[in-house]
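The following report reads a two-part model from its overall dimensions down to individual packing arrangements. Please keep the coordinates open while reading.

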Amino acid sequence: MPQYAFYIDTSACSGCKACQAACHDKNNTRSEIKWRRVYEIEGGGWEQQNGAFISVPFSYFISMSCNNCGSPVCVKACPTTAMHIDKNGITVVDPQLCIGCRYCEWACPYNAPQYDSIIKTMTKCDLCEDYLLAGKKPACADACPMRALDFGTFEELSRKYGEEKRLLPLPEPGLFDPGFIIKPHRDAGRATNEKVKVAAKKEI
Amino acid sequence: MSISLNKAESNSFNRRLFLKFSAMAGALLINRGNKPGKTRAGITGIIGTGEEKIIRTGCPAHNCGGRCLLKVHVRDGIITRIETDDRPGDEVSDPQLRACIRGRSYRSRQYHPDRLKYPLKRTGKRGEGKFERITWDEALDIMHGEISRVIREYGNSALFIPYGTGSYTNLNGRWPAVRLLNLLGGCLGYYNSYSWACTNIATPYVYGTLNTGNQRQDWLNSRYIIMWGWNPAEMIDGTNSAYFIKKAREKGARTVCIDPRMSMSAVALADEWIPIRPGTDAAMMSAMAWVIITEKLTDDDFISRCCSGFDSTQMPEGCEKEESYKDYILGTRDGIPKTPEWAEKITSVPASTVARIAREYATLRPAVLYQGYGMQRRAYGEQVVRAGAALSAITGNIGIPGGWASGLASQAGSEPFWTVFPVGKNPVKTSIPVFLWTEAILRGKEMGPADGVRGAPKPDNNIKLIWCIASNILVNQHSNINRTIKILGDEKLVEFIAVQDNFLTPSAKYADLVLPACTQFETWGVEDGWKYGEEVFLTPKIADPPYETKSDYRICADLSKKFGVWDEFTSGGKDERAWAEWIIDNYYRKTRFPEMPLFKNMEESNAGVYVKPVIEPVVALAGFRKDPGRYPLKTPTGKIELFSKPLFDMNLPEEIPAVPKYITEWESPFGREAEKYPLQAIGHHYMSRVHSTHDNNKMTMNAFPQHVFMNDNDAAERKIRNGDLVRVWNDRGALVARCRVTSKIMPGVIDIPQGAWYNPGEDGTDFGGNINVLTTERWTALAKGNPQHTIMVQVEKYRKG
C-alpha cells in the first residue's frame, strides 16, 4: 500500500494557521485539540556593535499534522490496539478501545495524537479519510494561502519535490519513516550551528 | 450557554435557533461514540439530516485587506462547514482567493452565545454596561425621537455617524444610515481614514494622484522588492499579495523586509530581514538617497524629464533659492549630510547595510519599494511616504513594468470602488478629519481650517448625537481611551449614543441604545476586491437572522417609516436582495465590468465571485513617464514633486517641510521622555482579528492569543519570563497582559497587537490588552491623521494590588 504524505514548504510558510483553522472547522475539534498545528521555531540572537544590530535572529514555521509514519511508534506504544492502521493504510484511533493512557502521545515525536480531556480519549488526524475516499485532499492541504502544503502519495510527491525530510528541531526521520517531504527555510542552515527552540509552546 | 427557552423564544423559529446555538457549543465536544474516519463528530450528527447545500460567497471580511471566497456548507439553515476557493487552475492571472484563519473560523463568531439578540436600552450610567431589553418599536421610537430632537434643537450638523468597517459589504455597515440621514437633511461629514491617513494626504502632493500602484501581478517582473514595514502575510493587503511575492521570488526577485518585528512576512517572504527602530524609516530612506546620489546611481534622464525640486536647477517658480531635495540629502543647507553613518545612529541599522540596500535597490532594476501603512500611522507619517516615493523617483523605478512608485499605490487603470450603494448627497457640507471627532464633540464650533475642517469655515455645531454602526471606534479603536471615555461619559456633551452591532463591544457599552444587527451571512451584500482586486463578490443571505436581529439596511428601512421617508429610502420598496441586484446590474455592469454576468445569472451559477483575470498588468504612470508633457501629473508643476510648493507655502517648515525629511518624533527614544518611558510600543495588525472584530472568537484567539511581545534582553532586564503577566504604562494609561518573550522583535521595542477589547479593572487599568489606553489623541501636522504607533512606555512584571 503506498504511503500518503504531506509536502511542507517551510520556505514559504508564514505561520498563519489557515491550515489549522481549516482542520478545526472540518473536524469540529475544539481549539485546544490540534490535529494540525504550526510550530514556531526561533534561533540565533542579537549582536550589537556601536548601537547597530549586526546580527539578528532567525525563525521559521513548521506546519504538522499526523505524518502517517511507515513505522508508527504510536501504534507500537498502544497497550490496547486502539491505535491501529486501518484498511486504507491510515493510522487512526478506535475510541471504543482507547483507555486514555496517553502512551501514544508520549511516543509520537510529532505530537500527532491529541488528548481530549473531556472525553478522556486520544484523538488524531486521519488525513480527512472521508475526503480521500471522495477523491479530495485533506482540508488543510487545500487551505494554504501560500500554497505551501501539498498532499499525495510519497512517491508522487517525491517526484515533484525531492525527498528531504530533515529540518531542525524535528527528530531524525529514520526511526519513524514519516510521510512528509520538507522544503527547508532559507535559514535552515543556521539552525545546524545555532541553537533553535520551539517558541509559543502554549499555542501548540 | 446562557440562552433559555423562555416564552418569547418558544415559537418554532426560535426553538430552531436555540438548537442552532446550543448545537455549536455541543458540536465542539467530540462525541465518544463517533469513530474518527467514520461518522464525523459534531453538528451534522446533532442537527437533523436535511440536505446539505454549498453556497459560494465572499468572506465577511470586516475590511481586512483581503477579499476571499468561501464555500459555506449549510444544513437546515445552519452553517456546518466553511471551505474556501477551489476553482480549478489557480493561475497567477486569476488565482484562487483562499481565506485565512479569520474566515475559516467564522462559525465560532457566527454562533457565539454572546451575539446581541434584542434591542437594549441603557439603565445604568453610561459605560457601566447595564441595559434592559426593549421592543424594536420602542427602540425605533427612541431613535426617531432623539434624531428629531437634535435636528430641531441644534441642526443636522450635530448628528454624526463615525468611521467603522466592522461590516463592510456595500449594503451593510454605515452606508444605509448615511443614506437615511442624507434624506433627513444630512449629518456632519468626515474624510480620510484610520488606516492610511498620512499616505492618503501625502501621496497626491508627490504624484497628484493616489493611483500609483501597478497591478500586483507585475511584481513578477521585478528583480528586487523591498517590503518596507509591510506585512501582507498577516494583514492581508489584498488577497494573494503574499502569494504574488512568493511567485516573484520563484522568478528570481530578491526580497528584503525592513521592520522592527520579524513579521510573518519577514519570515516567509523575505530573503533578508532588517530590523529598524520604529519612526526612523525616513532617516534610512534619506541615507539611501545619499548613497544613490553620491555614487551617481540616479536615473538622471528620468529626474530631468519627470521630477521637480530634485536640485537647484529644477526648483518651482518663486522658490529658486529654497532648499532642494538634493540640498537636504547632501546637507548643503543644514550642514548634516544624510550619510549611512548618520542614519545608523538613528535607525540602529548598520551603515554598511544601509549603503548595500541603497546600491541593490538602485542597480537591481526594475525594483519595488512597497511602503506598508504602519509606518505612516506615526507622528510624522507624511514624511516617510514622501521619502519613499522620492527613492522610487530618483532611481527611475516609476512607470515601468517591475517598478513601483510607492505612496498609497491604489492600482492604476481601475479606480477602487469603496462604496457603490447610493448614499445620496449630504446637505451638510462641513466635514472634519476622521481622527478629530472627539475634538468636534468638545469644540466643534471653534474648529477651523487649521484643524483640517473642509467644506465650510467651521462646523456650526458640536457633535450631539452619535449613531455608531459596525464600529468599535467610540472606545476601543480611537486613541487615548481614558480621555475618550471621559468625553463620552459626559451626557451634556454627546446627548445620545446609539450603537448597532453584533456584540456588546466596549463601544456598545457606552451606548444609550443598542441595536442588534445580524451578520453578513444573514443578509445580502456585494463586496468588491478592496484596494486591488478585479473581483466582485455576491454575498447572498445564507441563514436567517437569529432572534430579533436585523440587517443594517432593514433597521434603517424600518426607521425610515417613522420619519415618513420609507419610499425614498427604499427607492420604491427595494429590499437587500433588490439592492444587490441593482448594484451588480446597474452599477458594476455599466461601469468597470460590462462583461460581468447579471445578478440572476450569478445567483443561479452559485459562483460567488466574478473575476476579471489580469493577463497584462497595468503599470501606473506609464504614459506620464513616456511623455510628461502630454500626460502631466495633477501636481502644480505637472511633474513628480520632490519639492512641493503648496507645502512650502504652508510655512510650517518644522513639521511640514517642502522636501521629505526625517523629523524626530514627539515621543521617541531620543527625547527626555525616554528616561521615564524607555520602550517604544507599536500595535501591529494581528492574525487573529480584523481590528477589533474576532477578539471574542475563541478559535482565532486561541491560535494567536493577545500578548505583549518583548525582546529577550528587555525582558531579562526586568526579570520578566515568558508567559508572565506584565503591566505596561505611560502617562495616559496602563494595561495588563501576558508577555511573550521573543527574539523576533528588536530590543527597545514592544508590540501590543491592536484591537483587543478594552476591559478595565477598578482603577482603570485595562486587562484586555488594548494598546489604545497608551496612545495619544494628538494628530499629525499635515494629514491630521492618527499617530497611534508613536508612543513610549515602561513595562514591569505585574503584581496584584
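What percentage of the 204 residues of chain A count as buried? The figure is 52% of the 204 residues, and it should be read, like every other value below, as computed from a predicted model.

## Chain A as a whole

Chain A contains six helices and twelve strands, and its C-alpha trace spans about 65 × 35 × 30 Å along the principal axes. A compact globule with 204 residues would have a radius of gyration near 17 Å, and the 18 Å found for chain A agrees with that expectation. Among the contacts in chain A between residues at least 6 apart in sequence, 62% join residues that are at least 24 apart.

## Helix 1 of chain A

Helix 1 of chain A, residues 18-27, is largely enclosed by the rest of the structure, because ten of its ten residues are buried. The buried residues of this helix include A:A18, A:C19, A:A21, A:A22 and A:C23, and A:Q20, A:H24, A:D25, A:K26 and A:N27 are buried as well. Helix 1 of chain A is followed by A:N28, for which phi is positive, near 55 degrees.

## The contact between the chains

The contact between the two chains takes 54 residues from chain A and 54 residues from chain B. On the side of chain A that touches chain B, at least two residues each are supplied by helix 1, strand 4 (52-55), strand 5 (58-64), strand 7 (91-93), strand 9 (121-123) and helix 4 (129-133) of chain A. Helix 1 of chain A gives the most to this side, with eight residues. By class, the residues of the side of chain A that touches chain B divide into 24 nonpolar, 13 polar and 17 charged.

## Chain B as a whole

The secondary structure of chain B comes to 28 helices and 26 strands, and its C-alpha atoms fill a box of roughly 80 × 60 × 60 Å along the principal axes. With 801 residues, a compact globule would have a radius of gyration near 28 Å, and the value of 26 Å for chain B agrees. Of the 801 residues of chain B, 62% count as buried, while residues 24 or more positions apart account for 73% of the contacts in chain B with a separation of 6 or more.

## Helices packed on helix 15 of chain B

Helix 11 (residues 281-294) of chain B packs with helix 15 (residues 351-363) of chain B at an angle of about 65 degrees, with the axes 8 Å apart, and the crossing of these helices is right-handed. Helix 11 of chain B brings B:M284, B:A287, B:M288, B:V291 and B:I292 to the contact, where helix 15 of chain B contributes residues including B:V354, B:A355, B:I357, B:A358 and B:R359. The contact of helix 11 with helix 15 of chain B has eleven nonpolar, no polar and one charged residues.

Helix 14 (residues 340-347) of chain B also packs with helix 15 of chain B; their axes come within 8 Å and cross at roughly 115 degrees, and this crossing is right-handed. The contact is made by B:P340, B:E341, B:A343 and B:E344 of helix 14 of chain B and by B:A351, B:V354 and B:A355 of helix 15 of chain B. By class, the contact of helix 14 with helix 15 of chain B has five nonpolar, no polar and two charged residues.

## Two open sheets of chain B

Three strands of chain B form an open sheet in the order 1-2-3, with antiparallel pairing. Strand 1 (52-58) and strand 3 (78-84) of chain B stand at the edges, each with a single partner strand, so one side of each is left without a neighbour in the sheet. The twist in this sheet averages 30 degrees from one strand to the next. Strand 2 (residues 69-75) and strand 3 of chain B run antiparallel and are joined by six bridges, and B:H73 has B:R81 of strand 3 as its bridge partner.

Another open sheet of three strands in chain B has the order 17-18-19, with antiparallel pairing. Its edges are strand 17 (525-528) and strand 19 (609-611) of chain B, each of which has a single partner strand, so one side of each is left without a neighbour in the sheet. The twist here averages 15 degrees from one strand to the next. Three bridges join strand 18 (residues 535-539) of chain B to strand 19 of chain B, and the bridge partner of B:E535 in strand 19 of chain B is B:V611. Helix 22 (residues 576-587) of chain B lies across strand 17 and strand 18 of chain B, running at about 35 degrees to strand 17.

Key: Residues numbered from 1 in each chain as written. Chains lettered and ligands numbered in written order. Predicted model: local features only at pLDDT ≥ 70, side-chain atom pairs only at ≥ 80, totals over all residues. Buried ≥ 20, exposed ≤ 12 C-beta atoms within 10 Å, placed from the backbone. Helix = DSSP H or I, 4+ residues; strand = E, 2+ residues; numbered from the N terminus. Contact = placed C-beta atoms within 7 Å. Nonpolar A, V, L, I, M, F, W, Y, C, P; charged D, E, K, R; others polar. Axes fitted to C-alpha atoms, helices over the stretch in contact; angles between N-to-C directions. Left-handed = near helix turned anticlockwise from the far one by under 90°. Rg over C-alpha atoms; globule rule 2.2 N^0.38 Å. Pairing = 2+ DSSP bridges.
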